[in-house]
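This report is meant for a reader who is looking at the structure for the first time. Please keep the sequence and the model in view while following the sections below.

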Amino acid sequence: MIATLDIATVQAFLLVADLQSFTRTAEALGTTQAAVSLKLQRLETLLGKRLVERSPRAVRLTADGATFLERARALIAAHDRALSGEASVAQSLSLGISDHAAGPELVPLLERLHAMSSNLTLAVIIGFSREMQEAYDAGRLDAVIVRQEGSRRGGETLAEDEFGWFASRRFTVPKGQPLPLATLAPPCGVRAIAVRALDKAGLKWRERFVGGGVTAVVAAALAGLAIAPLARRIAPAGLVDVGPAHKLPKLGSSKVMLHSKVSDPAKLGALRAVAATFRSVAAV
């Protein structure tokens, strides 16, 4: 009897390799952790090799697992090509992401979507949470990853971010001068939180830099121009939280939410992978 590889099992292995977690893989596949573990055990038995090392903190590929990884990717790519044909209907997924939520998760998130389906056309828009939410409500986006605002209900929690006042290590505030800020323009919700906190504490401030995106705001902070209110998750290594040193008010935290109207199975699978990938990277 000739042994054959099960496509769904190989796909589960690839998710485990990428997400380094049986729990996140189960979330992405819409199944249980036990079912994912069973699939991996069967695959290892079939190949006669141990593919992953499990520990309480993480899941890592063995040397044999790393070798099998590229073969597994090639198999799934060939499988997808075999299924796709002239008669197949191209699918698209439009996803809006809040600029203050699109941190280090963005690259692995897009890699995961591509790995799941090379035939899925992606339209990703980065902007203010409020603008992304309005576009979603108007039906212009299939799904959004945004910061929770006001009393809005529903959605799936992906992460909970703590905010801080970030600046370069060489940043100094001239004595007696207003606090220089680097922020996005209104209606940025993070800017509003920071301004309210400073006003409530009776601290003087001025906008030293207004960026069109968080990348620009981070650059201004790294250059030593100003202090930027940022989530700790997205603040780069070159910035430090100077809030305690300058006795600045605490900014609290906010949830990052996924809202979706998707019902198509392929798109739902892609969004499950998005949620699992975001949680996996955010937890690091």
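The expected span of a helix is 1.5 Å times one less than its number of residues. The model discussed here is a predicted one.

The residues V190, R191, A194, V195, A197 and L198 of helix 7 are buried, and because they cover an arc of only 160° around the axis, they lie on the same side of helix 7.

What covers these buried residues of helix 7 includes strand 5, strand 6, strand 7, strand 8 and strand 9. The face of helix 7 that is turned away from its buried side carries R196 and K200, which are exposed. Just after helix 7 comes G202, which takes a positive phi of about 75°.

How many of the residues of strand 7 are buried? Strand 7, which runs over residues 179–184, is mostly covered, with 6 of its 6 residues buried. In a regular strand the side chains alternate between the two faces of the sheet.

Strand 7 pairs with strand 8 (residues 205–211) in the parallel sense, over 6 bridges, and L184 stands opposite G211 in strand 8. Between these two strands the chain crosses through helix 7 (residues 189–200), and this β-α-β crossover is right-handed.

## Helix 3

Helix 3 covers residues 33–47, and its 15 residues should span 21 Å at 1.5 Å a residue; the end C-alpha atoms are 21 Å apart, which agrees. In helix 3 the residues V36, S37, L40, L43 and E44 are buried, and they are placed on the same side of helix 3 because they cover an arc of only 125° around the axis.

On the other side of helix 3, A34, R42 and T45 are exposed. Just after helix 3, G48 takes a positive phi of about 70°.

## Salt bridges

Side chains of opposite charge can pair when their charged atoms come close. A search of the whole structure finds 8 salt bridges, and one of the pairs is formed by R54 and E44, whose closest N and O atoms are 4.0 Å apart. This pair links distant parts of the chain, with R54 in strand 1 (residues 52–54) and E44 in helix 3, 10 residues apart.

Another salt bridge brings together the side chains of D161 and R147, at 2.7 Å from N to O. D161 lies in strand 6 (residues 156–168) and R147 in strand 5 (residues 143–147), so the pair ties together parts that are 14 residues apart in sequence. D161 and R147 are both buried, and a network of salt bridges links R147, D161 and R233.

E162 also forms a salt bridge, with R232 as its partner and 3.6 Å between the closest N and O atoms. Because E162 lies in strand 6 and R232 in the loop between strand 9 and strand 10, this pair ties together parts that are 70 residues apart in sequence. R232 counts as partly exposed, at 40% relative accessibility.

Is I234 buried or exposed? Its relative accessible area is 13%, and buried means under 20%, so I234 is buried.

Which residues are in contact with I234, leaving aside its neighbours within four places in sequence? They are H100, G103, P104 and V214. T67, by contrast, is 167 residues from I234 along the chain, and the C-alpha atoms of T67 and I234 are separated by 33 Å.

Notes
Residues are numbered from 1 along each chain as its sequence is written. This is a predicted model: local features need pLDDT of at least 70, side-chain atom pairs count only at pLDDT 80 or more; totals for chains, interfaces and linings use all residues. Side-chain values use heavy atoms; hydrogens and water are left out. Buried means under 20% relative accessible area, exposed over 50%, partly exposed in between (1.4 Å probe, protein chains only). Contact means heavy atoms within 4.5 Å. Helices (H or I, at least four residues) and strands (E, at least two) are DSSP runs, numbered from the N terminus. The arc is that of the directions from the helix axis to the C-beta atoms. Two strands pair if DSSP finds at least two bridges between them. A crossover is right-handed if, with the strands pointing away from the viewer, the path from the first strand over the helix to the second runs clockwise.
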